[in-house]
Each structure stands twice: as structure tokens, then as C-alpha cells.
Number of protein chains: 2
Amino acid sequence: MSTLSARNRRKAPAERVTEIALAARQIALTDGLAAITVRAVASRVGVTPALVAHYQPSMNVLVAATFGAIVAAEIDEVAAELGPCQTSVDALGVLIDTLLGPERSAVTEIWLDAWSLGRRNPALAAEVGRQMDAWQGFLVAQLRVGVARGEFVTDDAPALAWQLLGIIDGLNAHATVRYGDARTQRPLMRTIAEHELALPAGALSGAAAAP
Amino acid sequence: MSTLSARNRRKAPAERVTEIALAARQIALTDGLAAITVRAVASRVGVTPALVAHYQPSMNVLVAATFGAIVAAEIDEVAAELGPCQTSVDALGVLIDTLLGPERSAVTEIWLDAWSLGRRNPALAAEVGRQMDAWQGFLVAQLRVGVARGEFVTDDAPALAWQLLGIIDGLNAHATVRYGDARTQRPLMRTIAEHELALPAGALSGAAAAP
DNA sequence: ATTCTTATTGATCAAGTGATCAACAATCTC
DNA sequence: GAGATTGTTGATCACTTGATCAATAAGAAT
């Protein structure tokens, strides 16, 4: 790849750091968090392993940072998609459709890797905690807007957010690992959300239904 | 441990194989599937790494077999617990309480490891598929009994079984990785099951309620 | 053009992994 | 008890991992 193209060019530290971070992200999305090794990243950037080690205090933190970057990007992406929605019901429907979409399997695998690798990588474990909190915070905000608008009813938005995220992660994990049939997952998820938020049956089904 | 106690005793192959399998299971339940190494198993059995390698075609299959054994034992255990139940509603309540219990976190971590490691270990991936099928088959059988008894109503037991298992795994994963609050998970799970099986509200709540 | 700063490298270490194989020795068989 | 069987070992290989450091050279400063 770029190993031969721009050989021996000297770059500003900030740029190299960015390159390394990007390479790590690509490797993770392709082959999982466990595939982020000094040599793999170095090879992808077109640089010596020593340079990667020079810019990163340790591989554990690079893995953690890469995980954090991927998940943070995911949140931003989903948030952007929810922007145009007029009602909270609309937004929730889009959220469910997006999060249970088949194109999220790469990110789901990242989550599975993180949950498993977190036990041996303290930095990663901490980052997993942060990102789970971030997701929950995001969803809580959405739910509270809906409650304020009088669209949703729930007496414990934080707990409900955790529950909904748990369900979504579980369905995604199953779909990614073994059964990719999202057709039955989305209706189920909508039904659960409707019930837990005191919505009329079918309220979430109409929105953003793909052909 | 037993490293010094019974030194240099020669055992029948079947017994050694059993010892190795047991050691692998204990290591997995304590430190995860990734901790199953030739040396770790050998050390626990009190034997040379070469002997472990001698009895196992490869570490990949030992990991896969260990995962399979743990999950199979889990299914048997749960099945045994459901035996005494008179009604399917009872059984489902016990099933939910058991599977979402806090003492299952070790097994949940095994599942997370398996899902993550499966990508690099074909034997493990195959075993994961088998055990997921086994769980689904078990739950489908339970659901069908309930339907036959007139307790449950569902037009697609297999699909519903996958969904319920996905939800349970997701809630368990979250609880294990970060939030161990099962108090909100079980009521939620009961509500979902009641709704999906056309049960009256609260039907699953009364059964097997711990003090 | 020369000097200086520093990004980059090559070589190398120590640790850990799975796996192999001739040699040993514990136990069984006769 | 002598011999055959085979469970078991010690040594060792090839490989991958993260990490270190003196030495090099690219680019900026003068």
C-alpha cells in the first residue's frame, strides 16, 4: 500500500499520531481489537514498529483509545441521524432501526472484543465503562425529551435506558455471531419500547420503515 | 496444589483426559477462555506441558471443548431446575430468574470470550453455533409445551426463542461487564415474556419469587 | 552551506505461545 | 522377576507479542 509510495518522508508528530490512530481503527474494524499489534499498525502506516511504540505509551492504551474512537464516532453518527426527526417517537424509531441494522456488525464485534479483552486490559475496561455511560447518557437525554414533550411515559429513564441498550446489544450480538435476521429483531424491539414507554401499539412501527 | 502431592503417578489415559478437561474448565471459569494455555493446564494438573499437548490435538479444540462442556453443563443444570415446575408459566419464571441471576456472571464471561475468540478459532466458532442451537432448541421445547398446554400463545416459537435468548444475553452481558443490578432486569424480562406469549400481566411475577 | 533539532530506524531483548520427539520409567503381562 | 507396553518427561523449535535504545538522517534554522 502506502509502504512504498511515500517512503522515508518525515512528518509532524501530530500527523503521525493521526495516521497511527486511523490505521488502528481500520485494523480493528476489519479484524477486531485483538488484531491491533505494534507490527500490524506499523505495517499499515508504512513505518517501523519502533515508531508506533514511540508514539504510544503502550499497546493497551492504543487499543483502548481505538475502541473509544470507534464508539464515540458511532454515537455521533447516530445522533446526527436523529437530528432531522420532528418527534421523539420518530427519533426512537430511527434509533432502533439504525442500531439494529445489519451494517453495524463490525461495531458489534468491536463491542464483543472489548467486553472480552477488557478483563486483561485495564485501560480498555475503563474506556468500555466510559463509552457505555456515554451511550446511556445519550439515550437518557432522548427519553427525557420525549417525556418532556408528553410523548413518552417512564418513571426511571436511566434504568430504562440501560435495559433498552442491553436488549439491543444482546440482539445485535446474536445477529452478528450467528443469526443475521434483523427482520424479527426490529419489530420485537419496537414492541418492547412501545410497552415500556406507554406508547400505543404500532406507534414506532410506521416511522422510517424501509421498503 | 496437586503438583507435589501425587508426583509421577501414572494414570490411565481416560483419567488424564478427564483431569485435563476439568482443569481447563476451572481455568476458564476463573480467568476466561483465553487463559487456557498448554502450560496453564499442565501446571494445574501437575504435569508437563508435553503431556497436555499429547492428549489434545490442539489448544483450539481444547478451548472449544471446554466452552462446550461449560455451556452444556449450564443447560443441564437449568433443565434440572425446571423439572419440578408444574406449569409452563412456573418454569418460564424460574428460567428467567435463574438465567438472570448474579451467580451466572462467570458463564456470561465465557460466552463473551467465546463470541470474541470465535473469530480466530474455527473449532470454537463451530461449538458456539452448536451451543447456541442447543439453548434455542431447549427453549423452543419449553415454549411448545406451554403452547400445547394452552398456557402460551405464539405463532413462531423458534424465532421467539432466539429473541428471548438474545435479550437475556444482552442484559447479562451488561450486568456482568458493568452494571450488576439484576433487580430491574428480571421484572423487565418477565414483562417482555408475558407480552410476547400473550400472558396476563403479572403472570410471571408471582412464581418463584425469592424472599 | 552548515549546524542543529528530532523524527525515524535497525537491531535486539525478554516473555509467552503451540507444538514436536527421542528418551525415560512406571506399570502390566507373562 | 524379566520383558513388553505405553504414559510421561525434558529439551527444544518456530513463532508472535510488546518494548527499548543507540544510531541515523530528514528537514528547519542560522
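User: How many residues of chain B are in contact with chain A?

Analyst: In this predicted model, local features need pLDDT of at least 70 and side-chain atom pairs count only at pLDDT 80 or more, while totals for chains, interfaces and linings use all residues. Residues are numbered from 1 along each chain as its sequence is written, with chains lettered from A and ligands numbered from 1 in the order in which they are written. Two residues are in contact if their C-beta atoms, placed from the backbone, lie within 7 Å. On that basis, the residues of chain A that take part number 31, and those of chain B number 31.

User: Which helix of chain B gives the most to the side that touches chain A?

Analyst: Helices are DSSP runs of H or I with at least four residues, and strands are runs of E with at least two, numbered from the N terminus. The elements of chain B that give two or more residues to this side are helix 7 (105-117), helix 8 (122-148), helix 9 (157-177) and helix 10 (182-196). The one that gives the most, with 13 residues, is helix 9.

User: How many charged residues does the side of chain B that touches chain A have?

Analyst: Ala, Val, Leu, Ile, Met, Phe, Trp, Tyr, Cys and Pro count as nonpolar, Asp, Glu, Lys and Arg as charged, and the others, Gly among them, as polar. This side has 15 nonpolar and 12 polar residues, and its charged residues number four.

User: What relates the two copies?

Analyst: Copies are superposed by least squares on the C-alpha atoms of residues with pLDDT of at least 70 in both. Chain B can be laid on chain A with an RMSD of 0.1 Å, by a turn of 180 degrees and a shift of 0.0 Å along the axis. The copies are therefore related as by a two-fold rotation axis.

User: Which elements give two or more residues to the surface near DNA strand D?

Analyst: A residue is near a strand if its C-beta atom, placed from the backbone, lies within 6 Å of it. Of the 21 residues around DNA strand D, those that come nearest are A:Thr37, A:Ala53, A:Ser58, B:Thr48 and B:Ala50. The elements asked for are helix 3 (38-45) and helix 4 (49-55) of chain A, together with helix 2 (13-31) and helix 4 (49-55) of chain B.
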